[in-house]
Amino acid sequence: MRDGYVRPVDFRHGRVDMTHGSGGRAMAQLIDELFLREFDNRWLRQMNDQASFEVPAGRLVVATDSHVVSPLFFPGGDIGCLSVHGTINDVAMAGAVPLNLAASFILEEGFPLADLQRIVVSMAGAARDAGVPIVTGDTKVVERGKGDGVFITTTGLGVVPPGIDVSGDRARPGDRIIVSGSIGDHGVAIMSLRENLSFETTIESDTAALHGLVAAMIAAVPDIHCLRDPTRGGLATTLNELAGQSGCGLLIHEASVPVRGQVSAACEFLGLDPLYVANEGKLVAICAPDDALRLLAAMRAHPLGRDAAIIGEAIPDPHHFVQMETSFGGRRIVDWLTGEQLPRIC
Amino acid sequence: MKYIDEFRDGAVARQLAAAIRREADRPRSYNLMEFCGGHTHAISRYGVADLLPANVRMIHGPGCPVCVLPIGRIDNAIELAARPGLILCTYADTMRVPASRGLSLLKAKAGGSDVRMVYSSADAVRIARENPGREVVFFAIGFETTTPPTAVAVKAAEAAGLANFTVFCNHVLTPSAISNILESPEVRELGTVPLDGFIGPAHVSTVIGSQPYEYFAEEYAKPVVIAGFEPLDVMQAILMLVRQLNEGRAEVENEFTRAVTRDGNAKAKALVAEVFELRKTFEWRGLGEVPYSALAIKDKYRAFDAEARYGITYRSVPDNKACECGAILRGVKKPTDCKVFGTVCTPENPIGSCMVSSEGACAAHYTYGRFKDVAVVTEGAR
């Protein structure tokens, strides 16, 4: 008997329907023609419900991140590459070398397959560029109105090389705070597309995988105390987390914090503070004062750390405040974000 | 950022601070009230108070539109939003103001009401146009700055024949609030609030001009300096007030000449006069009932008046007993005088309205300045 003809998935005009999540033929075909084809690697090709692999020596790191950004496509990226970068960065912030990713999709009935394909291609590209394969995954479909196009959850595994101990509780008074580049780009790029805000800007999201930069930093200064990527809640929130975890105060200098002119202008008329606006391709590092210049030089030598700057230092403070010396000459608190500036930014 | 950074220049600030210190050298105090929340925010955010000598004291005034909105009016808005099919459009700041029964518009939204945050009254009109089958109410609040855009929205709705759009008008008037403060027993008779001069509103004055303040300068012999919202504007205004007080003058001076004229914006004023009329009385949080201090929609535009369409009745609701917002809004107390400040009342979980808006005196002090209340080691390790 000849194999029956199977009509290929219509990625031009088709839409996600309930059968794509039913576990039947339609789902298998979507996996085959889209996910398997784009993510292609030897673990996926085994077609198991899980991936198994050897783990190099060191401490294992795991991180997971759900992505619900709206709009799905934005200047400089989309939900696909964002979901790869976000989780790789969470793994890398432990000083780890990322090994692989798992990806889980929740699709809404009626979502255009063309958009899904575009997102999956972008994810595959990001994973390939980062050298971190997507080795297992899952797809579910919810009825129209029960989701918002597509939500993507990614989980990443990585290994911390022996002798590296990066953790948010290791900042000590005297330590220097370094940021890897200009802040607020991602948040402003997203906001510029929101229906009630639309304004024109050439600012693009900074979404990027930072494990290469982290590797270069660790090669230069193995004893980095803290690393964190200031995503939701921005630099201010990250600094408050680190101050609380480490049990010290942090003091930054407004004039040293890199902010692009367009970002500060957009924040000015939207009534936002760039310190609280999300980033997706920046990190904050804290290290001993004697290591600071060496670390800064290593960062500036990497394309993703070209605009790195020392922005302040850790200070003794039983209240664990983050303070800022304003360019104006006064001093104020940089507090936790209250409420939310804008929802669904990542 | 051009045209912005010039007004935040640290070197100029130090020169101005030196001038203020030099001229405020007399054995007296200079008690200056900044009326506007915008000024309060700038003073806290840029640490302006750090640059002033001890005898120049800033008193935070009631000019924060969210802070002076009484609980009963928020309750009205929440009741409106609970009507089936109705869309309530509001500025972001009002979303978190605590109302009766532990509610807020944010909680009403989570409970199923269709509450939408808008950046401008024009967005509310657009939402009405896009949802012809649903009633859309714009929750209009604010001083003279936000009043003309509301008038424009009413006119636009009329021109477009939008039968599903109304405005719940809560606009209030700056000069009435200043009079109320100057007439209060604490200022007039008891002298418990020493008040030597005012920093006059920035954006409000672009609309109404500097002329309305001349009455205060003359009648109450208090100098007024109208100032922009940038920190250098505030510093310059403080210096001008110190000079007036030293020379025994009580005049209206305009520091914000790049935007404010004596007569204001004639077109905006005409629009407001066409759409709105004075209310006999209006309750302000902190100040109580203030005669002729707010606006209602004129009978001619009754079709766009939510109060008329939905028969809204106002019930006054007392503040939480522990909350000192009233006294803080009148300048009688400082945020730190309030027992609940920073304990049960925080920006995350506000009890009083002054803790809600970033322009509120309590929120500004909590967010930017509270480290000064505790003994903190602030010396950097450099």
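**Interface and sheet**

Mentor: Gladly. Between chain B and chain A the count is three salt bridges. This is a predicted model, where local features need pLDDT of at least 70, side-chain atom pairs count only at pLDDT 80 or more, and totals for chains, interfaces and linings use all residues. Residues are numbered from 1 along each chain as its sequence is written, chains are lettered from A and ligands numbered from 1 in the order in which they are written, and side-chain values use heavy atoms, leaving out hydrogens and water.

Trainee: Why is the meeting of A:Glu268 and B:Arg8 called a salt bridge?

Mentor: The term asks for a side-chain nitrogen of Lys or Arg within 4 Å of a carboxyl oxygen of Asp or Glu. For A:Glu268 and B:Arg8 the N to O distance is 2.7 Å, so the pair qualifies.

Trainee: How do you know which residues belong to the contact of chain B and chain A?

Mentor: Contact means heavy atoms within 4.5 Å; 40 residues from chain B and 33 residues from chain A take part.

Trainee: What makes β9 and β11 of chain A a pair?

Mentor: Two strands (E in DSSP, runs of at least two residues, numbered from the N terminus) pair if DSSP finds at least two bridges between them. Four bridges join β9(A), residues 249-253, to β11(A), residues 309-315, so they pair, running antiparallel. In β11(A), A:Ile315 is the bridge partner of A:Gly249.

Trainee: And what is the strand order of the open sheet in chain A?

Mentor: Its seven strands run β8-β10-β7-β11-β9-β12-β13, with mixed pairing. The edge strands are β8(A) and β13(A), each pairing on one side only.
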